[in-house]
Amino acid sequence: MHDLLYFCQQLINGLTIGSAYALIAIGYTMVYGIIGMINFAHGEIYMIGAYTALIAITGLAALGIAWLPIVLLVALICAVIVSSSMGWAVERVAYRPVRGRHRLIPLISAIGMSIFLQNYVHLAQGSRNIGFPALIEGGLRLGGDERFQLSISWIQITIFITTFICMSALSLFISRSRLGRACRAVSQDLGMANLLGIDTNRIISATFVIGAALAAVAGLLLGMYYGSVDPLFGFVAGLKAFTAAVLGGIGSIPGAMLGGLILGIAEAMTSGYLSGEYKDVISFSLLILILLFRPTGLLGKPEVEKI
Amino acid sequence: MNNYRRYALAASISAALMLPMAAAAEIRIGIAGPMTGPVAQYGDMQFSGARMAIQRINASGGVNGEMLEAVEVDDVCDPKQAVTVANRLVNEGVSFVVGHLCSSSTQPASDIYEDEGILMITPAATSPDITARGYELVFRTIGLDSMQGPVAAQHLISLEPERVAIVHDKQQYGEGIATAVRNELEEAGVNVVMFEGITAGDKDFSSLVTKLKQANVDYVYYGGYHPELGLILRQARQADLNATFMGPEGVGNKDINTIAGEASEGLLVTLPPSFDEKEENQELVKAFQDKGEDPSGPFVLTSYTAVQLIADGIEQAGSTDPFEVAEALREGTFETPIGTVSYNENGDMEAFEFVVYEWHADGSKTPVN
């Protein structure tokens, strides 16, 4: 009985962290899907989202506003606005001027952007860990006995539900809306989409903005879940989310979701049944194996050589 | 080619002319520690203590008539950065260093200082390896993990735990002290059910906490620093883990309260005794308070002492040659704010005490027993 509960608990831990990876991975996968490049500053945008949310929460607390829905909503809106503008700015500064050059050039400029943002936050907010107030406390306790109960905290449930809503909304947006159709067209053939009168610059900006907005949501949720933020907050998370995107098939949105969940569960199970020391070893071995046997990832489409 | 040679010659001549002039005016002391990065608050303690010592020594006429001058560098507690700043101190012509702070950055930096003939006193690095290599110019004003581990282990043993878990951050300091505690506990027949590493900088400890819960432990010893332990405490509380945590001095600072909040109540910490509460230090404590600084951090007065020892060593040796100063430090006995200091052959203090404190959610601490 305990063993089963233990397994379920680790599964829940893995699903929570996996959902968050998935939210961040969307940003990588969308940008890759559209312009075929990796946005290495994406982890930093997620970190800035978390910081903005924290600043908003602290500000509201100073004003004496403590009603949870308002606090969360305001924090979310602030984080999304700031991160989205960052996403937009990253594209304008680091990608657009060098678009169409050798593939390595935007890669380097994005890494530069990432270093810049990280250090900017270092200077502006200090390098220490800042505690994130636990806004959503408590949770459900299921089954078991005194010694071991299955516990799902409200914040974990919030993370699942928010991720699910964001993912569904995004899928609907891509498949049904006008802008979504334009996104798909640009991702299939940028040049042709341009000839057909689609404002490709706008579409590419929109992609960065959507990815950044989702990263901001993840920043707020994970900030609350973990309990602290620091300027390196985005580095590891960005790396993991990137792995998730590649695992699921970079360029594919359901792939990012699947990749995130697989990675999250793999990590939780490794820490749970082997040792936390091997967590990263297992997740990155998984990546290498997938790349060896299925280079396009689990749900990725094989790349067709465009002539 | 010829031109380059000429420039190089001109540069070296002017350098040769300038260096002795600078050295005659003052004794330059490098202060190396983290000004930025996740453990910068310990760096603040170190810089605050060292600056105060330099200021007070200069105010009372310097050392043998020469003034002390600080050269401050930031190693971010990163071993790579530590090597870079150590080389910079070499280039600055520094003969004495107070630093570094983290054991993992002290070790590579000490290689450079030893090779270049620079005397180093670390006010905070507790890894036994640092002084175990027979280096001539390496000293410390703090105890060793091998002294701190047993204090923690003895305290745990006295609490008669049924099941203990030991977690560490896989770094030199954390894993070293965790291993020392485990060995001591196992020798005493305590049931250590888990010994596991985490990754420093990680944020998600839910799996670890679940594992601790499953293992049904009543005490957890953590070897590492506060950013990770703060999160573990907080996530453990969320998951209803009922265990008492204990950690080394790397977790005992007020930042753990901002991360863990209420969950930091009741945490046990081994710390150097509160030197700032000693009677004979009250005048010094007041000097810190007048400057608006807090002398209660574990490394403030150890850093102060490191500077003072360098000054005393120079005075006793009657020379600023690091080797002669090292000789004087090994031979002499010194009255300092952290007590009477005398050194053994390795450069470790003959005696250094660690005390167990209970930490509170408001950032204060009370001695246990």
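**Exercise 1. Work out how much area is buried between chain B and chain A, and how many residues take part.**

Start with the area: about 2,900 Å² is buried between chain B and chain A, and carbon and sulfur atoms give 41% of this. Buried area here is the accessible area (1.4 Å probe) that two parts lose on being put together, summed over both. Keep in mind that this is a predicted model, in which local features need pLDDT of at least 70 and side-chain atom pairs count only at pLDDT 80 or more, while totals for chains, interfaces and linings use all residues. Residues are numbered from 1 along each chain as its sequence is written, chains are lettered from A in the order in which they are written, and side-chain values use heavy atoms, with hydrogens and water left out.

**Exercise 2. Describe strand 6 of chain B.**

First locate strand 6, a DSSP run (E, at least two residues) that spans residues 164-168 of chain B. Then check burial (under 20% relative accessible area, 1.4 Å probe, protein chains only): five of its five residues are buried. Finally, sort the directions: B:Val164, B:Ile166 and B:His168 point one way, and B:Ala165 and B:Val167 the other way.

Note on methods: Contact means heavy atoms within 4.5 Å. Buried means under 20% relative accessible area, exposed over 50%, partly exposed in between (1.4 Å probe, protein chains only). Helices (H or I, at least four residues) and strands (E, at least two) are DSSP runs, numbered from the N terminus.
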